[in-house]
Amino acid sequence: MPNPQVQMETSMGTFTVEVFLDTMPITASNFLDLCKTGFYSGVHFHRVIANFMLQFGCPYAKDAKNARSGTGGAGPGSPLRPPD
């Protein structure tokens, strides 16, 4: 079975990413679960390094001007689990 793909919609355009469920099953599953809940809707990229990487996912980044952007996580009681 091929890896799932997720479409990202941004103010700069839309792009599709492959989620490597076959090689990173826990991390990929956590990401896909958060996508399904709408966790990332309205979240801004809080770190962009041209031609290298984008970083997003902080719940504080829903407000692009929030000084805490990039410092948050899923929070207490989250069903997400770190790898063993």
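These are my notebook entries on a predicted model of one protein chain.

**Entry 1: ground rules.** I count residues from 1 along each chain as its sequence is written. Because the model is predicted, local features need pLDDT of at least 70 and side-chain atom pairs count only at pLDDT 80 or more, while totals for chains, interfaces and linings use all residues; side-chain values use heavy atoms, with hydrogens and water left out.

**Entry 2: the chain.** I looked up the secondary structure and found one helix and four strands. Helices (H or I, at least four residues) and strands (E, at least two) are DSSP runs, numbered from the N terminus. Along the sequence the pattern reads β-β-α-β-β. I then looked up burial, where buried means under 20% relative accessible area, exposed over 50%, and partly exposed in between (1.4 Å probe, protein chains only). Of the 84 residues in the chain, 18% are buried.

**Entry 3: the core.** Which residues make up the largest nonpolar core? I noted nine: Val6, Met8, Val19, Ala28, Phe31, Leu32, Leu34, Phe39 and Tyr40. A nonpolar core is a set of buried Ala, Val, Leu, Ile, Met, Phe, Trp, Tyr and Cys residues joined through side-chain atoms within 4.5 Å. Strand S1 (5-10) and helix H1 (25-37) each supply at least two residues of this core. H1 gives the most, with four residues. In soluble globular proteins, nonpolar side chains tend to be buried together.

I also checked Phe39 for contacts (heavy atoms within 4.5 Å). Leaving out residues up to four places away in sequence, Phe39 touches Leu34, Gly57, Pro59 and Lys62.

**Entry 4: aromatic rings.** I found five aromatic pairs in the structure. Rings of Phe, Tyr and Trp (its six-membered ring) pair if their centres lie within 6.5 Å; planes under 30 degrees apart count as stacked, over 60 as edge-to-face and the rest as tilted. Phe31 and Tyr40 form a tilted pair, 5.3 Å centre to centre with 45° between the planes. Phe31 is buried at a relative accessible area of 16%, and Tyr40 is buried at 19%.

Phe31 also pairs with Phe56, edge-to-face, at 6.4 Å centre to centre and 75° between the planes. Phe31 lies in helix H1 and Phe56 in the segment after strand S4 (53-55), so this pair ties together parts 25 residues apart in sequence. Phe56 is partly exposed, at 27% relative accessibility. Ring pairs link Phe31, Phe39, Tyr40, Phe45 and Phe56 into a cluster.

**Entry 5: Thr16.** Is Thr16 buried or partly exposed? It is partly exposed, with a relative accessible area of 47%. Thr16 is found in strand S2. Thr16 and Val6 are ten residues apart in sequence and 5.6 Å apart in space, C-alpha to C-alpha. Not counting residues up to four places away in sequence, Thr16 touches Gln5, Val6 and Gln7.

**Entry 6: lining of the largest pocket.** S1 gives the most to the lining, with five residues. S1, strand S2 (13-18) and H1 each supply at least two. On a 1 Å grid over the protein atoms alone, a pocket is an open set of points where a 1.4 Å probe fits, with protein on both sides within 12 Å along at least five of seven lines; lining residues have an atom within 4 Å of a point.
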